[in-house]
Amino acid sequence: MHSQDDRLTVAGRGAWTSEYADELEMAVNDTVHSYAKPKGVEIDLASVERMDTFGALLLERLRRAWAGTGVEPTLVGLAPRYKVLLEELARMGHEPPPPKRRHEGILERFGHEVVNAAKDALSLLNFIGATVAAMLRVLARPRSFRFTSMVNQVDRVGFRAVPIILLITFLIGCILAQQGIFNFRRFGADIYVVDMVGVLVLRELGVLIVSIMIAGRSGSAYTAELGSMRMREEIDALRVMGFDPIEVLVVPRILALIIALPLLTFIGSMSAIFGAGLVSWGYGGITPDVFLDRLKLAIDLDQFKVGMYKAPFMAATIGLVACMEGLRVGGSAESLGEHTTASVVKAIFLVIVMDGVFAMFFAAIDM
């Protein structure tokens, strides 16, 4: 190291590695303290034989110490293989700060939510197209269909859900009958509770309650399963092996829901009517014979058909939303939780909207 006309030349030599950490650090500190404000600095590294990350970090610290006083040192003689290392260290600490979060106004937030809803609708439309295309490929090549996987899913989302469906719909039927009798009794019209329960359960509440429960039970499970596969890169592995993840994972799950949900709707509706019959007998004094005779007069086959027609469409909606959200999961547990929650919320919302659309449609065709 020598100084001429307040211009400092620092020459490094030997190995700038962690093995000589103490000596190198003392030399760097002494140099900075001895020549605090030179007019110019040149760092000659032609004699440096080896350099690791520790040596590069010390050199960068030396450079920044003089750069802080307004003097930018010049590096000469640096071996090309160390340039990338020094450039990377030079960028450390100079990353742009994250943008400040600002408070959004109500209208601005509403606009963002509308745009996000439009993007979600477009994504769902694209996913429906991809799923339909996968189903058509399966129809063209039936041997490629994973029948065992579908049967397994029918068992999981269908048969294993029967106990909870029976319990919840039974309680719903009991509550409807009790509240109906309590209010109709004021007008001496207890018997009309049978009409109300029969029409409500078969047309609306049976399929709606079952669909909401399946969205929370099976839809969330679909999202969590596919999301976990995304996090473990199993879906990418399927693509590498030449398989279409939608054909392998999504189609069997959606078909299982389309098969299972109508069956669960029928079971749930019968359970709700049974619960209403028990409460009508015990609380309202309507005997089973009278209840069944009135039920035959109150409902016809169309009431039953309306509820059953809705079930497959609601099943397809739940399956599509759940699988789409599962395939959008990122690489973190937080992302998995967010998309599982979004799956259940969106599925329930679409099920209720679809029920309203069907109600207007069947009213328009007088059914």
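Is aspartate 120 buried, exposed or partly exposed, and what is its relative accessible area? Aspartate 120 is partly exposed, at 22%; buried means under 20% relative accessible area, exposed over 50%, and partly exposed in between, with a 1.4 Å probe and protein chains only.

A word on the source. This is a predicted model, where local features need pLDDT of at least 70 and side-chain atom pairs count only at pLDDT 80 or more, while totals for chains, interfaces and linings use all residues. Residues are numbered from 1 along each chain as its sequence is written, and side-chain values use heavy atoms, with hydrogens and water left out.

Overall shape next. The protein has twelve helices and four strands; these are DSSP runs numbered from the N terminus, H or I of at least four residues for helices and E of at least two for strands. The C-alpha atoms fill a box of roughly 115 × 55 × 35 Å along the principal axes. Of the 367 residues, 40% count as buried.

Now the salt bridges. One is counted when a side-chain nitrogen of Lys or Arg is within 4 Å of a carboxyl oxygen of Asp or Glu, and by this rule there are 17. Aspartate 120 pairs with arginine 328, with 3.4 Å between the closest N and O atoms. Arginine 328 sits in the loop between H11 and H12 and aspartate 120 in helix H4, so the pair ties together parts 208 residues apart in sequence. Arginine 328 is partly exposed too, at 33% relative accessibility. Both belong to a network of salt bridges that links Asp120, Glu325, Arg328 and Lys346.

Glutamate 247 is in helix H9 (residues 245–284), 110 residues from arginine 137. Here glutamate 247 is buried at 9% relative accessibility, whereas arginine 137 is partly exposed at 32%.

Last, helix H12, residues 333–364. Its end C-alpha atoms are 47 Å apart, which agrees with the 46 Å that its 32 residues should span; the expected span is 1.5 Å times one less than the number of residues. Its buried residues include Leu336, Val344, Asp355 and Phe362. Among what covers the buried residues of H12 are helices H7 (192–231) and H11 (301–327).

Technical notes:
Contact = heavy atoms within 4.5 Å.
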